[in-house]
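Here is a friendly walk through one protein model, written for someone who likes to know the cut-offs behind each value. Please have a look at the structure before reading on.

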Amino acid sequence: MNAPQPATTKVTLPAGVLHEGDVIEEVLLREMGGDEERILGSKNPDMERIVNNCIMQVGPVADPATLRRDVIPNMRIGDYNTLILHLRRLSLGDEYAYQAKCPSCQRQDTYTVDLSSVDVVRMRDPGTDAQPYVLRSGAEAIFRPVLVKDRKMLEDIGEKGQDVLGKSLAMRLVSIDGAEPDPGKNANQRLKNAVKMLRQHVPSYGEREAIRKWFNTTETIVDDNDDEILVGVDASIDTVVEDRCSCGTGWKHRFAIDPSFMMPSSAG
Ligand SMILES: [Zn+2]
């Protein structure tokens, strides 16, 4: 008797990942299995390990080492969240339950969302997604979106308790008035140089906060083919749903895409 094969699904990434000059949009996912269950059941579940385990193929690339070293780290967070959404649906179905508290009467209740109805719209091409921001000084800074590889770097910085705010801003800096931070010998040196550059050009905390806010601003536009496109530096899937309490109060709720999202009875 053959062993049962895991279910698989093909996902089209909203933006796509740049690999060797091509934008790849197709990803083959398999459902979570015993290994992923074990990771989920551990003390600090590593979401990235779970997702990366289940990515079987990205475009023509099927070699696990190449996927983990060269392809997945360069994915946009929005694309990665889309994969997590599909992995959840493939492994546990479309119904997702979570707990929320009514802001009016404080009643805690369980709400459910049909994940097949979550909006996934196409995002800007990854080749053109770095966007300009005009600084108070009049200089033009270019910032890029957060990529999967940034998550690890941010975690490391956070664990060492170093300047998380400044570094997370600096790691996205592509250039200011056309000048790029000195690349140094490695990613850490480049980051240090980018931090220095930003300190010179953006000394104001208020202006730095304004830039961070701008990263999260999104809008939907319609392109030449009448397709809706999500525009914004960190454009991602829309996880905002509306909850309504039996007391009549309704409110907007953003459910988190974190390990709790992978549990069947989430208390999100
Ligand atoms: Zn209520």
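Three strands make up an open sheet of mixed pairing, in the order β6-β11-β10. Strands here are DSSP E runs of at least two residues, helices are H or I runs of at least four, and both are numbered from the N terminus; two strands pair if DSSP finds at least two bridges between them. β6 (122-123) and β10 (219-222) each have a single partner strand and stand at the edges, so one side of each is left without a neighbour in the sheet. β10 and β11 (residues 228-231) run antiparallel and are joined by four bridges; E219, for instance, has V231 in β11 as its bridge partner.

A word on the model itself: it is predicted, local features need pLDDT of at least 70, side-chain atom pairs count only at pLDDT 80 or more, and totals for chains, interfaces and linings use all residues. Residues are numbered from 1 along each chain as its sequence is written. The confidence values, on the pLDDT scale (the predictor's confidence in each residue, from 0 to 100), look like this:

| Part | pLDDT |
|---|---|
| Protein, average | 89 |
| β11, lowest mean | 80 |
| β3 (residues 55-58), highest mean | 98 |

Now to the wider layout. The protein has eight helices and 13 strands, and it is divided into domain 1 (8-120 + 237-262) and domain 2 (127-216), with bounds that come from an automatic or database domain assignment. The C-alpha centres of the two domains lie 26 Å apart. Eleven residues from domain 1 and eight residues from domain 2 take part in the contact, where two residues count as in contact if their C-beta atoms, placed from the backbone, lie within 7 Å. On the side of domain 1 that touches domain 2, β1 (8-19) and α4 (77-92) each supply at least two residues.

V23 lies in strand β2 (residues 22-30), and its C-alpha atom is separated by 8.0 Å from that of D125, 102 residues apart along the chain. Across the 268 residues of the protein, 23% count as buried.

How values were computed. Buried ≥ 20, exposed ≤ 12 C-beta atoms within 10 Å, placed from the backbone.
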